[in-house]
Amino acid sequence: MRKPAVLVTGASGEVGYGLIDLFDSVDDMDVIALDIKPLDDQLHEKCAVSIAGDILDENLLQRLVSEYEIHAIYHLAALLSTRAEYTPDTAHRVNVEGTLNLLKLAHEQARWHGHAVPFLFPSSIAVYGLPDTETKKRAGRVREIDWNFPTTMYGCNKSYCEMLGRYYTLHYRQLAADSVRGGVDFRSLRFPGLISVVTMPTGGTSDYAVEMIHAAAQGRPYDCFVSEDAKIPFMVMPDAIKSLRLLAAAPAEALTQRVYNVTSFSLTAAELRDRVLSHFPKAVIRFRPDPPRARIVDTWPEDVDDSPARKDWKWEPDYSASRAFNDYLIPGISRLYS
Ligand code: AKB
(Lines give C-alpha, C1' and ligand atoms only; values in the text may rest on other atoms or scores of the structure.)
Protein backbone atom coordinates (compact mmCIF):
# COMPACT_ATOMS: atom_id res chain seq x y z
CA MET A 1 0.00 0.00 0.00
CA ARG A 2 1.32 3.46 -0.86
CA LYS A 3 1.46 5.89 2.05
CA PRO A 4 -0.61 9.09 1.74
CA ALA A 5 1.69 12.12 1.62
CA VAL A 6 1.97 15.84 1.02
CA LEU A 7 4.61 16.86 -1.52
CA VAL A 8 6.47 20.11 -0.86
CA THR A 9 8.76 21.31 -3.64
CA GLY A 10 11.28 24.05 -3.01
CA ALA A 11 11.34 22.72 0.54
CA SER A 12 14.62 24.43 1.44
CA GLY A 13 13.39 27.80 0.30
CA GLU A 14 12.05 30.65 2.37
CA VAL A 15 8.43 29.47 2.32
CA GLY A 16 9.14 25.74 2.26
CA TYR A 17 11.21 25.95 5.41
CA GLY A 18 8.44 27.57 7.42
CA LEU A 19 5.72 25.37 5.98
CA ILE A 20 7.45 22.10 6.85
CA ASP A 21 8.09 23.41 10.35
CA LEU A 22 4.33 23.90 10.74
CA PHE A 23 3.42 20.58 9.09
CA ASP A 24 5.50 18.81 11.66
CA SER A 25 3.11 19.95 14.35
CA VAL A 26 -0.35 19.92 12.74
CA ASP A 27 -0.70 17.31 10.04
CA ASP A 28 -0.94 13.56 10.16
CA MET A 29 0.30 13.01 6.62
CA ASP A 30 3.86 12.16 5.66
CA VAL A 31 5.74 15.08 4.15
CA ILE A 32 7.87 14.51 1.07
CA ALA A 33 10.34 17.36 0.80
CA LEU A 34 11.86 17.92 -2.63
CA ASP A 35 14.47 20.55 -3.39
CA ILE A 36 17.28 20.97 -5.89
CA LYS A 37 19.58 21.37 -2.87
CA PRO A 38 19.92 18.79 -0.07
CA LEU A 39 17.76 19.69 2.93
CA ASP A 40 19.48 20.71 6.12
CA ASP A 41 19.26 18.29 9.05
CA GLN A 42 16.64 20.30 10.93
CA LEU A 43 14.21 20.01 8.01
CA HIS A 44 15.30 16.50 7.12
CA GLU A 45 14.17 15.08 10.44
CA LYS A 46 10.69 16.63 10.06
CA CYS A 47 9.98 14.86 6.78
CA ALA A 48 9.14 11.26 5.95
CA VAL A 49 11.51 11.59 3.05
CA SER A 50 13.62 14.42 1.73
CA ILE A 51 14.99 14.29 -1.78
CA ALA A 52 17.59 16.45 -3.48
CA GLY A 53 16.19 16.40 -6.98
CA ASP A 54 14.80 18.35 -9.90
CA ILE A 55 11.09 18.89 -10.57
CA LEU A 56 12.05 18.58 -14.26
CA ASP A 57 13.16 14.98 -13.63
CA GLU A 58 10.05 13.04 -14.63
CA ASN A 59 11.65 9.73 -13.69
CA LEU A 60 12.15 11.07 -10.19
CA LEU A 61 8.50 12.13 -9.95
CA GLN A 62 7.37 8.71 -11.19
CA ARG A 63 9.55 6.97 -8.59
CA LEU A 64 7.96 9.18 -5.95
CA VAL A 65 4.41 8.17 -6.87
CA SER A 66 5.38 4.50 -6.99
CA GLU A 67 5.95 4.71 -3.23
CA TYR A 68 3.68 7.53 -2.08
CA GLU A 69 0.10 8.48 -2.77
CA ILE A 70 0.15 12.27 -3.17
CA HIS A 71 -2.86 13.92 -1.55
CA ALA A 72 -1.70 17.55 -1.70
CA ILE A 73 1.09 19.51 -3.35
CA TYR A 74 2.68 22.76 -2.15
CA HIS A 75 4.69 23.70 -5.22
CA LEU A 76 7.13 26.33 -3.96
CA ALA A 77 10.13 25.68 -6.22
CA ALA A 78 10.89 28.60 -8.54
CA LEU A 79 13.61 30.86 -9.87
CA LEU A 80 12.78 34.33 -8.52
CA SER A 81 12.58 37.50 -10.57
CA THR A 82 16.16 38.81 -10.68
CA ARG A 83 17.72 35.39 -11.19
CA ALA A 84 15.14 34.57 -13.86
CA GLU A 85 16.18 37.70 -15.80
CA TYR A 86 19.76 36.42 -15.98
CA THR A 87 18.66 32.93 -17.07
CA PRO A 88 15.24 33.32 -18.76
CA ASP A 89 15.32 29.98 -20.58
CA THR A 90 16.13 28.06 -17.39
CA ALA A 91 13.49 30.07 -15.55
CA HIS A 92 10.88 29.09 -18.13
CA ARG A 93 11.83 25.44 -17.85
CA VAL A 94 11.82 25.36 -14.04
CA ASN A 95 8.95 27.77 -13.40
CA VAL A 96 6.59 26.62 -16.18
CA GLU A 97 7.57 23.14 -17.34
CA GLY A 98 8.28 22.10 -13.77
CA THR A 99 4.84 23.32 -12.73
CA LEU A 100 3.24 21.51 -15.67
CA ASN A 101 4.94 18.27 -14.60
CA LEU A 102 3.44 18.63 -11.16
CA LEU A 103 -0.04 19.56 -12.39
CA LYS A 104 -0.04 16.40 -14.52
CA LEU A 105 1.15 14.38 -11.53
CA ALA A 106 -1.60 15.88 -9.35
CA HIS A 107 -4.25 14.96 -11.91
CA GLU A 108 -2.89 11.42 -12.22
CA GLN A 109 -2.81 10.97 -8.45
CA ALA A 110 -6.38 12.25 -8.09
CA ARG A 111 -7.55 9.65 -10.60
CA TRP A 112 -5.67 6.94 -8.65
CA HIS A 113 -7.13 7.62 -5.21
CA GLY A 114 -10.36 9.34 -6.22
CA HIS A 115 -9.88 12.57 -4.25
CA ALA A 116 -9.15 16.05 -5.62
CA VAL A 117 -5.52 17.02 -4.98
CA PRO A 118 -5.14 20.53 -3.52
CA PHE A 119 -2.33 22.22 -5.47
CA LEU A 120 -1.08 25.25 -3.53
CA PHE A 121 0.88 27.60 -5.80
CA PRO A 122 2.67 30.79 -4.68
CA SER A 123 2.21 33.38 -7.38
CA SER A 124 3.48 36.89 -6.96
CA ILE A 125 2.96 40.64 -7.29
CA ALA A 126 5.40 40.18 -10.17
CA VAL A 127 2.40 39.33 -12.39
CA TYR A 128 1.47 43.02 -12.25
CA GLY A 129 3.09 45.58 -14.54
CA LEU A 130 2.40 49.27 -13.88
CA PRO A 131 3.77 51.37 -16.78
CA ASP A 132 5.26 54.21 -14.68
CA THR A 133 5.47 55.48 -11.10
CA GLU A 134 2.70 58.08 -11.58
CA THR A 135 0.29 55.35 -12.75
CA LYS A 136 1.54 53.12 -9.93
CA LYS A 137 0.72 55.80 -7.36
CA ARG A 138 -2.71 56.45 -8.90
CA ALA A 139 -3.50 52.71 -9.10
CA GLY A 140 -2.92 52.26 -5.34
CA ARG A 141 -4.39 48.94 -4.15
CA VAL A 142 -4.74 46.82 -7.29
CA ARG A 143 -7.25 43.99 -7.68
CA GLU A 144 -6.38 40.57 -9.14
CA ILE A 145 -7.81 41.60 -12.52
CA ASP A 146 -5.89 44.89 -12.73
CA TRP A 147 -2.65 45.61 -14.63
CA ASN A 148 -1.76 41.98 -15.45
CA PHE A 149 1.16 43.01 -17.68
CA PRO A 150 4.26 41.38 -16.15
CA THR A 151 7.62 42.88 -17.20
CA THR A 152 9.83 39.98 -16.04
CA MET A 153 10.23 36.37 -17.17
CA TYR A 154 9.34 35.34 -13.60
CA GLY A 155 6.16 37.44 -13.68
CA CYS A 156 5.23 35.96 -17.07
CA ASN A 157 5.90 32.46 -15.70
CA LYS A 158 3.74 33.02 -12.64
CA SER A 159 0.93 34.54 -14.71
CA TYR A 160 0.89 31.60 -17.16
CA CYS A 161 1.06 29.04 -14.34
CA GLU A 162 -1.97 30.65 -12.73
CA MET A 163 -3.83 30.07 -16.01
CA LEU A 164 -2.49 26.49 -16.30
CA GLY A 165 -3.70 25.77 -12.77
CA ARG A 166 -7.15 27.14 -13.52
CA TYR A 167 -7.23 25.09 -16.75
CA TYR A 168 -6.25 21.85 -15.00
CA THR A 169 -8.87 22.47 -12.34
CA LEU A 170 -11.79 23.49 -14.54
CA HIS A 171 -11.18 22.47 -18.17
CA TYR A 172 -8.52 19.73 -18.49
CA ARG A 173 -9.65 16.88 -20.84
CA GLN A 174 -12.90 18.78 -21.48
CA LEU A 175 -13.35 16.97 -24.80
CA ALA A 176 -12.55 13.52 -23.45
CA ALA A 177 -15.31 10.93 -23.17
CA ASP A 178 -14.39 10.46 -19.51
CA SER A 179 -14.04 14.16 -18.76
CA VAL A 180 -14.40 14.07 -14.98
CA ARG A 181 -14.08 16.84 -12.40
CA GLY A 182 -12.28 16.52 -9.14
CA GLY A 183 -8.71 16.18 -10.28
CA VAL A 184 -6.49 19.15 -9.56
CA ASP A 185 -7.76 21.64 -6.97
CA PHE A 186 -5.48 24.58 -7.85
CA ARG A 187 -5.29 27.41 -5.32
CA SER A 188 -2.87 30.31 -5.69
CA LEU A 189 -1.71 33.32 -3.69
CA ARG A 190 -0.03 36.38 -5.18
CA PHE A 191 2.57 36.93 -2.50
CA PRO A 192 4.15 40.36 -1.91
CA GLY A 193 7.79 40.68 -0.95
CA LEU A 194 8.37 37.99 1.69
CA ILE A 195 10.67 38.54 4.66
CA SER A 196 11.97 35.65 6.75
CA VAL A 197 14.40 35.66 9.67
CA VAL A 198 15.23 32.01 9.09
CA THR A 199 16.18 31.89 5.44
CA MET A 200 17.72 34.32 2.99
CA PRO A 201 15.97 34.20 -0.39
CA THR A 202 18.19 34.23 -3.45
CA GLY A 203 17.52 36.04 -6.66
CA GLY A 204 14.46 38.09 -5.73
CA THR A 205 14.03 41.76 -6.62
CA SER A 206 12.07 42.46 -3.45
CA ASP A 207 14.99 41.00 -1.45
CA TYR A 208 16.34 44.46 -0.61
CA ALA A 209 14.02 44.41 2.42
CA VAL A 210 15.32 41.18 3.92
CA GLU A 211 18.91 41.97 2.85
CA MET A 212 18.73 45.38 4.58
CA ILE A 213 17.49 43.89 7.85
CA HIS A 214 19.98 41.01 7.91
CA ALA A 215 22.90 43.35 7.02
CA ALA A 216 21.98 45.73 9.86
CA ALA A 217 21.77 42.84 12.32
CA GLN A 218 25.27 41.72 11.30
CA GLY A 219 26.68 45.23 11.48
CA ARG A 220 27.34 45.23 7.74
CA PRO A 221 26.72 48.34 5.62
CA TYR A 222 23.99 47.86 3.01
CA ASP A 223 23.66 49.54 -0.39
CA CYS A 224 19.97 49.41 -1.27
CA PHE A 225 19.42 48.89 -5.02
CA VAL A 226 16.07 50.71 -5.15
CA SER A 227 15.31 54.36 -4.45
CA GLU A 228 13.99 55.65 -1.12
CA ASP A 229 10.47 56.15 -2.42
CA ALA A 230 10.14 52.66 -3.96
CA LYS A 231 7.00 51.24 -2.35
CA ILE A 232 5.63 47.69 -2.52
CA PRO A 233 3.62 45.38 -0.23
CA PHE A 234 5.45 43.02 2.14
CA MET A 235 4.66 40.09 4.38
CA VAL A 236 6.66 38.28 7.03
CA MET A 237 6.88 34.52 6.78
CA PRO A 238 4.42 33.59 9.57
CA ASP A 239 1.67 35.43 7.66
CA ALA A 240 2.70 33.76 4.39
CA ILE A 241 2.42 30.32 6.02
CA LYS A 242 -0.90 31.30 7.64
CA SER A 243 -2.34 32.38 4.28
CA LEU A 244 -1.24 29.14 2.59
CA ARG A 245 -2.73 27.02 5.34
CA LEU A 246 -6.02 28.99 5.40
CA LEU A 247 -6.40 28.75 1.62
CA ALA A 248 -5.58 25.02 1.69
CA ALA A 249 -8.20 24.41 4.38
CA ALA A 250 -10.96 26.45 2.71
CA PRO A 251 -13.89 24.36 1.42
CA ALA A 252 -13.87 24.34 -2.41
CA GLU A 253 -17.36 25.81 -2.48
CA ALA A 254 -16.10 28.89 -0.62
CA LEU A 255 -13.67 29.82 -3.40
CA THR A 256 -15.00 32.37 -5.88
CA GLN A 257 -11.62 32.52 -7.63
CA ARG A 258 -8.47 30.41 -7.96
CA VAL A 259 -5.93 33.20 -7.52
CA TYR A 260 -5.97 35.59 -4.55
CA ASN A 261 -4.06 38.68 -3.51
CA VAL A 262 -2.77 38.65 0.06
CA THR A 263 -0.71 41.26 1.86
CA SER A 264 0.25 42.45 5.32
CA PHE A 265 1.73 45.97 4.95
CA SER A 266 3.30 48.30 2.39
CA LEU A 267 6.44 50.33 3.05
CA THR A 268 8.71 52.57 1.03
CA ALA A 269 12.38 51.65 1.13
CA ALA A 270 12.95 54.81 3.24
CA GLU A 271 10.29 53.72 5.77
CA LEU A 272 11.97 50.31 5.86
CA ARG A 273 15.33 52.02 6.50
CA ASP A 274 13.83 54.13 9.30
CA ARG A 275 12.36 51.08 11.02
CA VAL A 276 15.65 49.19 10.72
CA LEU A 277 17.57 52.18 12.14
CA SER A 278 15.15 52.42 15.07
CA HIS A 279 16.28 48.93 16.09
CA PHE A 280 19.86 49.06 14.82
CA PRO A 281 20.84 52.75 15.30
CA LYS A 282 24.41 52.12 14.10
CA ALA A 283 23.31 50.47 10.86
CA VAL A 284 24.80 51.97 7.69
CA ILE A 285 22.15 51.95 4.95
CA ARG A 286 22.84 53.77 1.70
CA PHE A 287 20.61 54.11 -1.36
CA ARG A 288 22.52 53.20 -4.50
CA PRO A 289 19.70 52.47 -7.03
CA ASP A 290 20.53 49.89 -9.69
CA PRO A 291 18.30 51.32 -12.46
CA PRO A 292 17.25 48.04 -14.16
CA ARG A 293 16.34 46.32 -10.89
CA ALA A 294 14.77 49.48 -9.47
CA ARG A 295 12.63 49.71 -12.63
CA ILE A 296 11.28 46.19 -12.00
CA VAL A 297 10.17 47.17 -8.50
CA ASP A 298 8.55 50.33 -9.93
CA THR A 299 6.31 48.13 -12.12
CA TRP A 300 4.97 46.32 -9.06
CA PRO A 301 1.96 47.81 -7.24
CA GLU A 302 2.40 49.80 -4.03
CA ASP A 303 -0.45 47.81 -2.49
CA VAL A 304 -2.95 45.06 -3.37
CA ASP A 305 -6.66 44.63 -2.61
CA ASP A 306 -6.98 41.36 -0.65
CA SER A 307 -10.73 41.70 0.06
CA PRO A 308 -11.70 38.55 -1.92
CA ALA A 309 -9.37 36.46 0.30
CA ARG A 310 -10.81 38.12 3.41
CA LYS A 311 -14.36 37.41 2.26
CA ASP A 312 -13.95 33.90 0.81
CA TRP A 313 -11.68 32.24 3.38
CA LYS A 314 -11.33 34.76 6.22
CA TRP A 315 -7.80 35.89 5.45
CA GLU A 316 -6.43 38.47 7.83
CA PRO A 317 -2.76 39.23 8.45
CA ASP A 318 -1.43 38.84 11.99
CA TYR A 319 1.58 41.12 11.41
CA SER A 320 1.37 44.86 10.86
CA ALA A 321 4.68 46.54 10.01
CA SER A 322 5.25 47.39 13.68
CA ARG A 323 4.43 43.93 14.95
CA ALA A 324 6.50 42.38 12.16
CA PHE A 325 9.56 44.27 13.41
CA ASN A 326 8.91 44.11 17.15
CA ASP A 327 7.62 40.54 17.49
CA TYR A 328 9.20 38.65 14.59
CA LEU A 329 12.08 40.26 12.75
CA ILE A 330 14.12 41.79 15.57
CA PRO A 331 13.77 38.93 18.10
CA GLY A 332 14.32 36.34 15.36
CA ILE A 333 17.32 38.03 13.82
CA SER A 334 18.88 38.80 17.19
CA ARG A 335 18.71 35.08 17.98
CA LEU A 336 20.07 34.20 14.56
CA TYR A 337 23.14 36.43 14.83
CA SER A 338 23.66 36.49 18.59
C1 AKB B 1 10.91 38.37 -6.10
O2 AKB B 1 11.40 39.40 -5.68
O3 AKB B 1 11.16 37.87 -7.18
C4 AKB B 1 9.92 37.64 -5.21
C5 AKB B 1 8.55 38.11 -5.50
C6 AKB B 1 8.14 39.49 -5.27
O7 AKB B 1 7.73 37.29 -5.92
N8 AKB B 1 10.25 37.89 -3.80
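The C-alpha centres of domain 1 and domain 2 lie 25 Å apart. This is a predicted model, in which local features need pLDDT of at least 70 and side-chain atom pairs count only at pLDDT 80 or more, while totals for chains, interfaces and linings use all residues. Residues are numbered from 1 along each chain as its sequence is written, and side-chain values use heavy atoms, with hydrogens and water left out.

Domain 1 covers 3-192 + 237-261, and domain 2 covers 194-234 + 265-302 + 318-337; such bounds come from an automatic or database domain assignment. Domain 1 brings 29 residues to the contact and domain 2 brings 25 residues, where contact means heavy atoms within 4.5 Å.

**Between the domains**

About 2400 Å² is buried between domain 1 and domain 2, and carbon and sulfur atoms give 61% of that area. Buried area is the accessible area (1.4 Å probe) that two parts lose on being put together, summed over both. On the side of domain 1, the residues that lose the most area to domain 2 are Glu 14, Lys 136 and Pro 192, together 25% of what that side buries.

One salt bridge is counted between domain 1 and domain 2. A salt bridge is a side-chain nitrogen of Lys or Arg within 4 Å of a carboxyl oxygen of Asp or Glu. The rule also finds 16 residue pairs in polar contact across this interface, both residues at pLDDT 80 or more. A polar contact is a pair of N or O atoms within 3.5 Å; within protein, one must be able to donate a hydrogen and the other to accept it, and residues adjacent in sequence count only if both atoms are side-chain atoms.

**Salt bridges**

The count by the salt-bridge rule comes to 17. In one of them, the side chains of Asp 318 and Lys 242 meet at 2.8 Å, N to O. In another, Arg 141 and Asp 303 meet at 3.4 Å, N to O. Arg 141 is in strand 6 (residues 141-142) and Asp 303 is in strand 14 (residues 303-304), so this pair ties together parts that are 162 residues apart in sequence. Strands (E, at least two residues) are DSSP runs, numbered from the N terminus.

**Around the ligand**

The residues around the ligand are Leu 80, Ser 81, Ser 124, Tyr 154, Gly 204, Thr 205, Ser 206 and Trp 300, each with a heavy atom within 4 Å of the molecule.

| Residue | Polar atom in | Distance |
|---|---|---|
| Ser 124 | side chain | 2.7 Å |
| Ser 206 | backbone | 2.9 Å |

Definitions and conventions: Helix = DSSP H or I, 4+ residues; strand = E, 2+ residues; numbered from the N terminus.
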